[in-house]
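Subject: Structure handover

Hello,

Here is the structure I said I would pass on. My notes on it follow below the files.

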Amino acid sequence: MKKLAGVLAGAWLGLQLGVGYLVAPLLFQNLERIEAGALAGVLFTVTAYIGLAVWLLVYFTGRSEEKRAYARPHTGKWVLLLLALLAVNQFLVTPVIEAHKTGTANWLLTLLGGSFGRWHGVSTIIYMVCSVLGLGLVFRLVRMEWR
C-alpha cells in the first residue's frame with residue numbers, strides 16, 4: 001500500500017506542478033482572461049480534491065506503518081500540514097476569490113477584507129508551499145522512508 005501511496009503522491013505532484021506552472025500560464029497567454037480564469041479555476045479545484053484524497057491516503061498509510069514500528073512519526077506532521085494548506089486554499093481562500101470575481105458576499109471577505117490581487121497572492125503562495133512540501137514528501141515516499 002505504501003508503494004501505491006507513493007505513486008499516487010507522485011502523480012498528484014506532477015498534476016500540481018503541471019497545472020500551476022505550465023497549463024494555467026498557457027491558458028492566460030492563449031485565451032481571454034475571463035475564460036482562462038474559469039478553466040484554471042476548474043483545474044485548480046480538481047487538483048485540490050485529488051490532492052486531499054491522495055494525501056489522506058498517504059497519511060493513513062503512514063500511520064499504519066508507524067504502528068508496525070517500521071517508520072518514524074515526523075513525516076505525518078508534514079503530511080498534515082500539506083493537507084491543512086490544501087484545505088485552507090480550497091475551502092477558505094478560493095471562495096473569497098470567487099466572491100471577488102462574481103461580486104457576491106463571503107464571510108471571510110467581509111471579516112478580513114482585501115482585494116482580488118491580495119487573495120490571489122495568498123492562494124499563489126499557499127499553492128507554491130504545497131508544491132515544495134509535496135516535492136519533499138514525494139521524495140521521502142519514493143525512497144520508502146517514513147521519517
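S123 is found in helix α5. The model is a predicted one, and every value in this email is computed from it. S123 has a relative accessibility of 14%, and the cut-off for buried is under 20%, so S123 counts as buried. Between S123 and L108 there are 15 residues of sequence separation, and their C-alpha atoms lie 14 Å apart in space.

T124 also lies in helix α5. Its relative accessibility is 41%. Buried means under 20% and exposed means over 50%, with partly exposed in between, so T124 counts as partly exposed. T124 and L17 are 107 residues apart in sequence, while the distance from C-alpha to C-alpha is 12 Å.

The chain as a whole

What does the secondary structure of the protein chain come to? It comes to five helices and zero strands. Read along the sequence, the pattern is α-α-α-α-α. The C-alpha trace of the protein chain spans about 50 × 35 × 20 Å along its principal axes. The protein chain has 147 residues, of which 38% count as buried.

How the helices pack

Two packed helices are described by the angle between their axes and the distance between the axes. For α3 and α5, the packing angle is about 155°, and the axes are 9 Å apart. Angles over 145 degrees count as roughly antiparallel, and α3 and α5 are therefore roughly antiparallel to each other. Their crossing is left-handed. By class, the contact of α3 with α5 has 19 nonpolar residues, six polar residues and two charged residues.

At what angle do α1 and α5 pack? The angle is about 150°, with the axes of α1 and α5 9 Å apart. The cut-off of 145 degrees applies here as well, so α1 and α5 are roughly antiparallel to each other. The crossing of α1 and α5 is left-handed.

The largest pocket

Rolling a probe the size of a water molecule over the atoms shows where empty space is left. The largest pocket holds about 790 Å³ of space. It is lined by 30 residues, and the closest to its centre are A40, F44, I97, K101 and H120. Which elements give two or more residues to the lining? They are α1 (2–30), α2 (33–67), α3 (74–102) and α5 (116–142). Among these, α2 gives the most to the lining of the largest pocket, with ten residues. By class, the lining of the largest pocket divides into 14 nonpolar residues, 13 polar residues and three charged residues.

In brief

For quick reference, here are the main points again.

- The protein chain has five helices and zero strands.
- α3 and α5 pack at about 155°, and α1 and α5 pack at about 150°.
- The crossing of α3 and α5 is left-handed, and the crossing of α1 and α5 is left-handed.
- The largest pocket has about 790 Å³ of space, and α2 gives the most to its lining.

Regards

Methods:
Residues are numbered from 1 along each chain as its sequence is written. This is a predicted model: local features need pLDDT of at least 70, side-chain atom pairs count only at pLDDT 80 or more; totals for chains, interfaces and linings use all residues. Side-chain values use heavy atoms; hydrogens and water are left out. On a 1 Å grid over the protein atoms alone, a cavity is a set of points where a 1.4 Å probe fits but cannot get out, and a pocket is an open set with protein on both sides within 12 Å along at least five of seven lines; lining residues have an atom within 4 Å of a point. Grid points are joined across faces, edges and corners, and a volume is the space filled by probe spheres set on the points. Helices (H or I, at least four residues) and strands (E, at least two) are DSSP runs, numbered from the N terminus. Ala, Val, Leu, Ile, Met, Phe, Trp, Tyr, Cys and Pro count as nonpolar, Asp, Glu, Lys and Arg as charged, and the others, Gly among them, as polar. Axes are lines fitted to C-alpha atoms, for helices over the stretch in contact, and angles run from 0 to 180 degrees between N-to-C directions. Angles under 35 degrees count as roughly parallel, over 145 as roughly antiparallel, 65 to 115 as roughly perpendicular and the rest as oblique. A crossing is left-handed if the near helix is turned anticlockwise from the far one by less than a right angle, and right-handed if clockwise. Buried means under 20% relative accessible area, exposed over 50%, partly exposed in between (1.4 Å probe, protein chains only).
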